[in-house]
Amino acid sequence: MEYTREFSIAARAVVAALLGCAVAYVVLLLVKNHLPSFQSNFVEGFDMALADRNCDFCKKAFYGSFFLSGPIAAAAALYAAYRSSGSLALSAITASFVYLALDAANEWRSPAIAIALLAAAAITVALNRGANNYLPAAKPSADIPFSVGAADLLAIIFLALLLIPSDLEGLTAAVRDEAHKVSYFIGPALYGYAPGLVPGLDFHSHYGPALGWFFHLIMGDGWKSAAMRAVGLNIAITLATYIQAYFLLNYLIRSRLAAIAVITALAVLAFSTTGQFYSPSAYPTRFPLLIVFALAISLHCTAPGRLKWLIASAIMCAISLLWQTEIGLFFLVTGTFVAAIVGGFPNYRNALVFAVTSIGAAILMCLVLFGTRAFSLEFLIECFRPLVLYGTGWGSTPIKWNLGWGIIYNLPLQIVGCITVGWAAIRLSRPSDSWHDRFVTGLLLTLSMIGMALMIKWVNRTLDAVWHQNALPLVMVSAWWIRQFSSGWQPSFRRTAGATAAAATILALLFVQDKNNPHLYGLRSYVTYPSLLRWPFVSSPAVTWQEDLDQITEADAKFIQDKTRPDERVLVIALRDWAYLAQAHRAPMAYFMPFLVSFDARFLDRSMNPADRLFYDSMVERRPEYHHVQEVMKRIKRDFVAVETRGNLTLYERRRP
């Protein structure tokens with residue numbers, strides 16, 4: 001088919017670009033100890049030195065250069081190629097040599113072997129210049145309308161049974177002391193109890209400025225409701241995303257069975273450890289609008305002269321900027337690029353319309369939600385400052401090259417993404433395809449760009465559930481390409497290949513593991529999840545919340561309420577400070593929640609210096625491993641004096657001079 005020939009041409013160019021990036025990477029490894037160290041301060045008082053030391057500069061140089069050069073090489077090859085196609089087998093051999101060379105350079109500590117493997121890869125690139133695949137004759141693409149049948153309803157029911165818990169309270173209680181759900185949803189939502197507070201100026205909303213505003217509307221009354229609704233919202237977004245992904249994948253590959261199998265595998269791979277759905281960042285909660293954004297921008301590709309779908313996608317981008325700033329930026333770059341190439345590159349008008357509408361809508365939403373105080377440089381800096389921290393990998397271990405379970409996430413999916421971006425850019429810039437072809441090409445381009453952006457932060461680390469979520473767009477793109485190549489196979493061979501892939505997937509779900517991150521993954525983790533699928537066969541144990549949560553009483557909440565005004569910000573020093581404040585309906589004085597796990601030591605000053613009084617729970621002393629426990633206790637003893645104790649809490653007031 002024409003698509004497969006174009007893929008082969010692009011693949012040859014992309015692996016050649018990969019080889020060039022790998023050579024530069026190995027050179028960097030050899031000289032990195034002689035390079036000057038870089039240190040940056042994103043804002044005054046924010047020390048980035050530790051983060052910069054942990055950041056793997058060579059890793060970012062390799063992936064950053066490959067993600068730029070790969071699509072450009074693919075587009076250039078397709079623009080200039082007329083007859084040759086290139087051999088997929090030789091392209092795969094080139095990529096394998098490169099991967100082994102990178103492994104040798106890192107793990108084996110053998111530059112000589114790495115150089116020899118890179119030389120072998122260069123030979124395969126040279127041989128590939130005159131190679132050709134046997135490809136079946138081109139067939140016209142079928143424009144099959146979208147439809148929903150009984151089988152699709154069964155798939156929805158299955159995904160619901162797979163992901164909805166039979167006991168939400170028991171599931172939430174089992175999460176115990178995880179702080180992710182607090183920093184993501186509950187903490188920012190608590191500031192809604194005091195009027196007029198603005199994220200970035202008065203508190204830190206770690207992922208997006210509007211998360212707290214939204215969750216405050218639905219968090220309910222008290223700490224138990226807040227915790228359960230945070231986990232419940234995480235589950236709801238995950239289920240909605242997978243249902244949308246199932247329908248989109250079914251439309252792309254025309255196989256309900258394959259679509260539900262792929263989505264189910266990704267859903268099960270999302271499970272890790274025995275505490276599920278505690279961390280929104282490990283699930284699609286970060287990008288709830290991914291599928292609908294891809295659909296909207298792809299509908300624009302079918303009629304680039306009309307702006308309604310472009311504006312609709314820009315509004316979704318604006319919402320994403322406020323929901324999760326990092327994801328919103330991915331949408332902004334992707335949407336602007338797609339708008340610029342559709343219908344003939346460069347389309348400055350459409351690109352400008354998308355970018356201006358996205359940014360303008362985001363500014364307008366901030367004005368409505370937070371008022372004119374949001375129009376400040378500090379607000380903007382605080383919105384984007386976490387991206388600098390994310391970019392350091394949170395002190396991640398150096399880049400890993402090996403043949404373990406994570407290999408598919410380290411290069412193969414990114415290679416497919418680079419090929420697709422270059423291929424789709426060329427096709428969309430030539431407005432000769434049918435409505436259906438332009439729509440599908442727009443989908444593949446959008447999913448590939450966002451997929452590569454999602455994976456670069458977590459790529460080549462220890463195995464992590466976040467990988468499987470971030471890989472969702474690229475897995476869907478890869479599935480579409482597999483369908484293009486397999487459509488010319490004999491039916492018996494296609495069935496055999498499908499059965500083999502299914503067996504390999506089941507084995508992966510059963511045995512996926514990483515010695516550097518030895519948690520339960522896949523099916524071994526999922527069997528501990530109290531899903532509706534397991535409900536008829538497993539009895540739920542009695543719900544037992546963590547001890548320090550069960551000890552938070554109405555008397556503690558009344559103590560806080562009696563000593564503070566309803567609109568007053570309150571500083572609580574406790575392992576579960578968020579729970580006390582949720583129960584008392586008070587906004588935190590702490591600049592970040594949970595306070596004791598603040599990632600920035602500067603937050604201690606911003607939280608404790610303006611406080612004239614605070615409530616202290618002595619259980620803090622049992623957890624000296626928390627980041628700031630010792631420093632906080634020292635400040636309390638030095639600057640405050642106890643005045644009253646009720647239940648678990650002691651009220652302290654600042655010492656008078």
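Which residues form a nonpolar patch on the surface, and about how much accessible area do they have together? The legends below take up this question after an overview of the predicted model.

**Figure 1. Overall view of the predicted model.** The protein contains 28 helices together with six strands, and 56% of its 657 residues are buried.

**Figure 2. Close-up of the nonpolar patch on the surface.** The patch is formed by Ile359, Ile363, Leu364, Leu367, Val368 and Phe375, which together have about 550 Å² of accessible area. One of these residues, Val368, is located in helix 15, which spans residues 348–370. Val368 has a relative accessible area of 64% and is therefore classed as exposed, the cut-off for that class being over 50%.

Figure 3. Ser205 is counted as buried because its relative accessible area is 9%, where buried means under 20%. The side chain of Ser205 reaches the backbone oxygen of Gly208 at a distance of 2.6 Å. When neighbours within four places in sequence are left aside, Ser205 is in contact with Pro188 and Pro199.

Notes
Residues are numbered from 1 along each chain as its sequence is written. This is a predicted model: local features need pLDDT of at least 70, side-chain atom pairs count only at pLDDT 80 or more; totals for chains, interfaces and linings use all residues. Side-chain values use heavy atoms; hydrogens and water are left out. Helices (H or I, at least four residues) and strands (E, at least two) are DSSP runs, numbered from the N terminus. Buried means under 20% relative accessible area, exposed over 50%, partly exposed in between (1.4 Å probe, protein chains only). A polar contact is a pair of N or O atoms within 3.5 Å; within protein, one must be able to donate a hydrogen and the other to accept it, and residues adjacent in sequence count only if both atoms are side-chain atoms. Contact means heavy atoms within 4.5 Å. Patches are made of residues with over 30% relative accessible area and no salt bridge: like charges are joined within 9 Å, nonpolar side chains (Val, Leu, Ile, Met, Phe, Trp, Tyr) within 5 Å. Accessible areas come from the Shrake-Rupley method with a 1.4 Å probe; for residues, only the protein chains shown count as cover. A salt bridge is a side-chain nitrogen of Lys or Arg within 4 Å of a carboxyl oxygen of Asp or Glu.
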